[in-house]
Amino acid sequence: LKSWNRYKRGFDLVMLDLGHLLLSPLFIVLWTVIPLWIWLEERSPVFYSQNRVGRDGHVFRIRKFRSMVVTADRLGPAWTTHDDPRRTRVGRFLRKRGLDEIPELVSVWRGDLSLVGPRPLNEEEHATMIREIPDFDKRLSVRPGVTGLAQINNRSDNPYSKLEFDVSYIGSMSFELDIKLIAVSVWYSVFGKVDDRSS
C-alpha cells in the first residue's frame with residue numbers, strides 16, 4: 001500500500017501537468033469565466049474554503065468555487081442535498097458538472113489530495129461518521145481524492161455505501177482503475193451528471 005501511494009503521487013503530477021498542457025486554452029477560459037460569473041451573480045467571494053480530514057487524520061484546507069450563498073453554513077447542514085435551495089444559479093450549473101471543484105487541483109499539486117481516492121469530509125461530518133459507523137476511519141489510510149469509486153457509484157451518498165466503496169477501492173486500486181474512474185468522471189462532467197443524487 002505504501003509503495004502504491006508513492007507511485008500514485010507521480011501519477012497525479014503527470015496527469016495534472018499533461019492535462020493542463022494539452023487543455024491549457026480550456027483551463028484559461030474556466031479560470032476566467034467562472035470567477036467572473038460567480039462575482040456578477042452574488043457580488044460575493046469567488047472561493048469557498050473549508051477544513052477537510054485527509055490521510056492519517058491530517059487536516060488541510062480545501063478551496064472550491066463558491067456554489068452556494070455566503071450564509072449557507074448558517075442555513076443548513078454542512079453537506080448538500082439534491083436541489084439544495086442554498087445553491088446559486090451559477091452554483092447549480094457548476095455542481096452538475098463538477099466545475100466547482102477545479103480549485104481542488106491546487107490541493108493535488110500540494111499533496112493534500114490525490115486525483116482518485118476517498119472523498120475528504122469536513123471535520124464535523126467526519127467526527128459524526130466515526131461515532132456512528134465502526135471502522136469508518138479506514139478511509140484515512142490513503143490520500144483522499146477529487147473523484148473515486150464511491151463518488152462514481154454511491155449516487156445516494158449513503159455513508160455505509162461510501163465506506164464499502166472506499167474500502168473496496170483501497171484494496172484494489174491500480175493505475176488502470178484510476179484511469180477508468182477519471183474517464184468516467186470526465187464523462188459525467190461533460191453530460192452534467194456529476195451531482196445526480198437521489199437524496
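This is a predicted model: local features need pLDDT of at least 70, side-chain atom pairs count only at pLDDT 80 or more; totals for chains, interfaces and linings use all residues.

Trainee: OK, so is Arg 119 buried or exposed?

Mentor: Buried, because its relative accessible area is 13%.

Trainee: And what does Arg 119 form a salt bridge with?

Mentor: With Glu 101, and the closest N and O atoms are 3.5 Å apart.

Trainee: Is Glu 101 buried or exposed?

Mentor: Glu 101 is buried, because its relative accessible area is 19%. The cut-off is under 20%.

Trainee: How many salt bridges does the structure hold?

Mentor: Eight. One of them joins Asp 178 and Lys 8, with the closest N and O atoms 2.5 Å apart. That pair links distant parts of the chain: Asp 178 belongs to helix H9 (residues 175-190) and Lys 8 to helix H1, 170 residues apart. Asp 178 and Lys 8 are both buried.

Trainee: What about Lys 138 and Asp 135, how far apart are they, N to O?

Mentor: 3.9 Å, and their side chains meet in a salt bridge. Lys 138 counts as partly exposed because its relative accessibility is 45%. Asp 135 is partly exposed too, at 45% relative accessibility.

Trainee: Which residues are linked in a network of salt bridges?

Mentor: Lys 64, Arg 95 and Asp 100.

Trainee: Let me zoom out. How many helices and strands does the chain have?

Mentor: Nine helices and four strands. Along the sequence the pattern runs α-α-β-β-α-α-α-β-α-β-α-α-α.

Trainee: And how much of the chain is made up of buried residues?

Mentor: Of the 199 residues, 45% are buried. The chain exposes about 10,600 Å², with carbon and sulfur atoms supplying 60% of that.

Trainee: What share of the contacts comes from residues 24 or more positions apart?

Mentor: 70%, counting contacts in the chain with a separation of 6 or more.

Trainee: Back to H9, then. Which of its residues are buried?

Mentor: Leu 177, Asp 178, Leu 181, Ile 182, Ser 185 and Tyr 188. Looking down the axis of H9, those buried residues fall within an arc of 130°, so they line one face of the helix. The face turned away from the buried side carries the exposed residues Glu 176, Lys 180 and Val 190.

Trainee: How far does H9 reach from its first C-alpha to its last?

Mentor: 23 Å over 16 residues, close to the 22 Å expected at 1.5 Å a residue. After H9 comes Gly 192, which has a positive phi near 65°.

Trainee: What does Phe 11 touch?

Mentor: Leaving out residues up to four places away in sequence, Phe 11 touches Phe 175, Asp 178, Ile 179 and Ile 182. Phe 11 is in helix H1 (residues 2-22). It counts as buried because its relative accessibility is 7%. Phe 11 and Leu 115 are 104 residues apart in sequence, yet their C-alpha atoms are 8.9 Å apart in space.

Trainee: And where is Thr 147?

Mentor: In strand E4 (residues 145-147). Thr 147 is buried, at 10% relative accessibility. Setting aside neighbours within four places in sequence, its contacts include Leu 115, Leu 181 and Ser 185.

Trainee: Last one: which residues of H2 are buried?

Mentor: Phe 27, Leu 30, Ile 34, Pro 35 and Ile 38. They cover an arc of only 100° around the axis, which puts them on the same side of H2. Pro 25 and Ile 28 are exposed on the other side of H2. Helix H2 (residues 24-42) reaches 28 Å from its first C-alpha to its last, close to the 27 Å expected for its 19 residues at 1.5 Å a residue. H2 is followed by Arg 43, which has a positive phi near 50°.

How values were computed:
Residues are numbered from 1 along each chain as its sequence is written. Side-chain values use heavy atoms; hydrogens and water are left out. Helices (H or I, at least four residues) and strands (E, at least two) are DSSP runs, numbered from the N terminus. Buried means under 20% relative accessible area, exposed over 50%, partly exposed in between (1.4 Å probe, protein chains only). Contact means heavy atoms within 4.5 Å. A salt bridge is a side-chain nitrogen of Lys or Arg within 4 Å of a carboxyl oxygen of Asp or Glu. Accessible areas come from the Shrake-Rupley method with a 1.4 Å probe; for residues, only the protein chains shown count as cover. The expected span of a helix is 1.5 Å times one less than its number of residues. The arc is that of the directions from the helix axis to the C-beta atoms.
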